Amino acid sequence: LEHFSWDYAPVLSRGRDEGITFSDLPGYSRSAYERDHALITPESRVWAGQVGWTRALTAHLISPTTATGANFVMLLAKLGNGGSAGQPPKGIERFVFVLDGVLNVTVAPAQAAEELHADQYAYIPADTQHTLTSDSGAGLLLFERRCIIPGGKQEFQSGAVAERPILPVDGEVFLLRKLLPQTADYDFNVHVMDFQPGEYLNVKEVHYNQHGLLLVQGQGIYRLADKWYPVQSGDAIWMAPYVLQWYAALGNTPSRYILFKDTTQDPG
Ligand code: UGY
Ligand code: MN
């Protein structure tokens, strides 16, 4: 004790009294990249301009270049005042979810002209001329993939999460909504899943479908293969086919995540 210096007093209280957050540590990140899954936390996002986009930045989180090959692209986009998105390549269908701000969607020829706000979304079939623009700025989540079902069967879709019915899920307590039609004309769906603190998945899932997940509210533990990740809103996850997956919502606020799931890929 005689060597104890009060200069070190903060060392004892650090973390408890000062509210130190680990993400402030130089070089520290919770992001992880494994053979069959990835966790991409906000401090790892890299924003860049893209050909065809104006007054906009994107952060690609998941793409077919991921490890064993994702069958979709997941990206975040920030449109500035007067910003606009480029057209996806030929054969690529697109789903856009508004995280904040206001997005204007038009689909030619005069099929649709919609103003979307937070928690609203649109689906644009492949090879459909459209515009995504914002006068005052918008934050977006996009999923894109090469449509594997013959074109012409899919239709433009739009809506709000709260308008979608809650679907029963046997043996589970979370609330499930699906944002796209559950028909064989669509080769993926986007689920919105809500958990109260303390609720968790009953099934410790292993399945052939892939996932791209964005946690938009709350915090908890995500189990992926043999790893257990503390996660919080803003975190994104890639899950390859057959990766063991399980979530428990913790903390004081409900959890919500938005989840891409390919639906009609031939499991064989
Ligand atoms: O539908 C699903 O596969 C979903 N329950 N998976 C998940 O939440 N990881
Ligand atoms: Mn799953």
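**Working through the model**

Tutor: Let's start with aspartate 119, which is partly exposed because 18 other C-beta atoms lie within 10 Å. A residue is buried with 20 or more other C-beta atoms within 10 Å of its own, exposed with 12 or fewer, and partly exposed in between, the C-beta atoms being placed from the backbone.

Student: What kind of model is this, and how are things numbered?

Tutor: This is a predicted model, where local features need pLDDT of at least 70, side-chain atom pairs count only at pLDDT 80 or more, and totals for chains, interfaces and linings use all residues. Residues are numbered from 1 along each chain as its sequence is written, while chains are lettered from A and ligands numbered from 1 in the order in which they are written.

Student: OK, where does aspartate 119 lie?

Tutor: Aspartate 119 is in the loop between β7 (112–116) and β8 (120–124). Strands here are DSSP runs (E, at least two residues), numbered from the N terminus. Although aspartate 119 is not a glycine, its phi is positive, about 75 degrees.

Student: And what about the phi of tyrosine 242?

Tutor: Tyrosine 242 isn't a glycine and has a positive phi of about 70 degrees. Tyrosine 242 sits in the loop between β17 (236–239) and β18. With 14 other C-beta atoms within 10 Å, tyrosine 242 is partly exposed.

Student: Which sheet has β18 in it?

Tutor: β18 belongs to an open sheet of three strands, in the order β16-β15-β18 with antiparallel pairing. Two strands pair if DSSP finds at least two bridges between them. The edge strands, each pairing on one side only, are β16 (227–232) and β18 (245–250).

Student: How many bridges between β15 and β18?

Tutor: Six, in the antiparallel sense, with β15 covering residues 219–224. Glycine 220 stands opposite alanine 249 in β18.

Student: Switching topic: what surrounds ligand 1?

Tutor: His191, Met193, Glu205, His211, Gln245, Leu259 and Lys261 surround ligand 1. Near means that a residue's C-beta atom, placed from the backbone, lies within 6 Å of the molecule.

Student: Which strands supply at least two residues of that shell?

Tutor: β13 (188–195) and β19 (255–262) each do.

Student: Last one: where is aspartate 100, and what is it in contact with?

Tutor: Aspartate 100 is in strand β5 (residues 92–101). Leaving aside neighbours within four places in sequence, aspartate 100 is in contact with Ala118, Ala138 and Gly139. Contact means C-beta atoms, placed from the backbone, within 7 Å.

Conventions
Helix = DSSP H or I, 4+ residues; strand = E, 2+ residues; numbered from the N terminus. Contact = placed C-beta atoms within 7 Å.
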